[in-house]
Amino acid sequence: MEPELLHGVTDAVATVVLHHPAKRNAMTAAMWAALPPLLDALAADPGVRALVLTGAGGTFCAGADISTLQSGPDEAQALAVGAEEALAAFPKPTLAMVRGHCVGGGTQLAAACDLRFAEADASFGVTPAKLGIVYPSSSTRRLVSLVGPATAKYLLFSGELIDAERALRTGLVDEVLPADELEERVAEFTRVLVSRSQLTQAAAKEFADGRTDRDAHWNAQARGSGDTAAGVSAFLERREPRFTWTTSG
């Protein structure tokens, strides 16, 4: 089967699968290029309330498939950054479900997600120093915001892999699970995400990512949404709330 991005939507959760098992799900130029339009389509779908990114089989992503990036390092990096930025800008909660190796471009994509859950034997690395590549400034800043400058320098200077427990300690990963519990935990957590207010999530995502000019916008959205009234009523009546505001609406 050709390298591709697989996707589906179940119970309001979109799942995007990096599928290139012959090369441990390494990203081809076509895969990098296909991710932004796919994310745009999923973002516009009112039936999607959260997104999970994962890899086929037992590997998340081994990085970029160098053999397909023949147009030169600048264009290759532009494709990767474009995909990363599209993922970071996805307006609904995103979660990377990581098995096995998450290296190079794989870590770049995982870091662009809002959250990362990993199985216990996963490993992570940022490897441009092994190829003499300058890691993009935007990707470097995103990595630093997750793990701090010291760990970011460790990863970038050395290209060495770290295990899931160290990734958890440094903030690169949010939860580490036994291999046979990872998928169930991700399903459980995404059910929580889709039950919550998209209004709260969308505003929090922008604020957490550094937007400082949208307070008035989100206050206006809150006033007109009905979500606050729905949440308070549900709390007082001891039932699950039914939130109606959507990013697509």
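## Basis of the description

The bend at a residue is the angle between two axes, one fitted to the seven residues ending there and the other to the seven starting there. Helices (H or I, at least four residues) and strands (E, at least two) are DSSP runs, numbered from the N terminus.

The model is predicted: local features need pLDDT of at least 70 and side-chain atom pairs count only at pLDDT 80 or more, while totals for chains, interfaces and linings use all residues. Residues are numbered from 1 along each chain as its sequence is written, and side-chain values use heavy atoms, with hydrogens and water left out.

## The chain as a whole

Nine helices and nine strands make up the secondary structure of the chain. The C-alpha trace spans about 55 × 40 × 40 Å along its principal axes. The radius of gyration, taken over C-alpha atoms, is 18 Å, which agrees with the value near 18 Å for a compact globule of 249 residues. The globule rule is 2.2 Å times the number of residues to the power 0.38.

Of the 249 residues, 47% count as buried. Buried means under 20% relative accessible area, exposed means over 50%, and partly exposed is in between (1.4 Å probe, protein chains only). The chain exposes about 12,100 Å², and 55% of this comes from carbon and sulfur atoms. These areas come from the Shrake-Rupley method with a 1.4 Å probe; for residues, only the protein chains shown count as cover. Contact means heavy atoms within 4.5 Å. Among contacts in the chain with a separation of 6 or more, 70% are between residues 24 or more positions apart.

## Helix α4 and its bend

Helix α4 covers residues 137-158 and spans only 17 Å between its end C-alpha atoms, whereas a straight helix of 22 residues would span 32 Å at 1.5 Å a residue. The expected span is 1.5 Å times one less than the number of residues. At G148, α4 bends by about 115°, and a proline, P149, follows within four residues. After the helix comes G159, with a positive phi near 70°.

The buried residues of α4 are S138, S139, R142, L143, V147, G148, T151, A152, L155 and L156. An α-helix has 3.6 residues a turn, so residues three or four places apart point the same way.

S139, in α4, counts as buried because its relative accessibility is 3%. Leaving out residues up to four places away in sequence, S139 touches V81, E84 and Q108. The side chains of S139 and Q108 are joined by a polar contact of 3.2 Å. A polar contact is a pair of N or O atoms within 3.5 Å; within protein, one must be able to donate a hydrogen and the other to accept it, and residues adjacent in sequence count only if both atoms are side-chain atoms. F157, also in α4, has 65% relative accessibility and therefore counts as exposed. The C-alpha atoms of F157 and A129 are separated by 6.3 Å, with the two residues 28 apart along the chain.

In helix α7 (residues 198-208), the buried residues are Q198, L199, Q201, A202, A203, K205 and E206. S197 caps the N-terminal end of α7, with a side-chain oxygen 3.2 Å from the backbone nitrogen of L199. Just after α7, G210 has a positive phi of about 105°.

S225 belongs to helix α8 (residues 215-225) and counts as buried at 12% relative accessibility. Not counting residues up to four places away in sequence, S225 touches L199, T244 and W245. A polar atom of the S225 side chain lies 3.0 Å from the backbone nitrogen of D227.

## Loop and segment residues

N25 is in the loop between β2 and α1 (29-44). At 1% relative accessibility, N25 counts as buried. Apart from neighbours within four places in sequence, N25 is in contact with L18, H19, H20, G55, A56, T59, F60, C61, A62 and G63.

Most residues other than glycine have a negative phi. D11, which is not a glycine, has a positive phi of about 50°. D11 is in the loop between β1 (4-10) and β2 (13-19) and is exposed, with a relative accessible area of 67%. R238, another residue other than glycine, has a positive phi near 55°. R238 lies in the segment after α9 (227-237) and counts as exposed at 80% relative accessibility.
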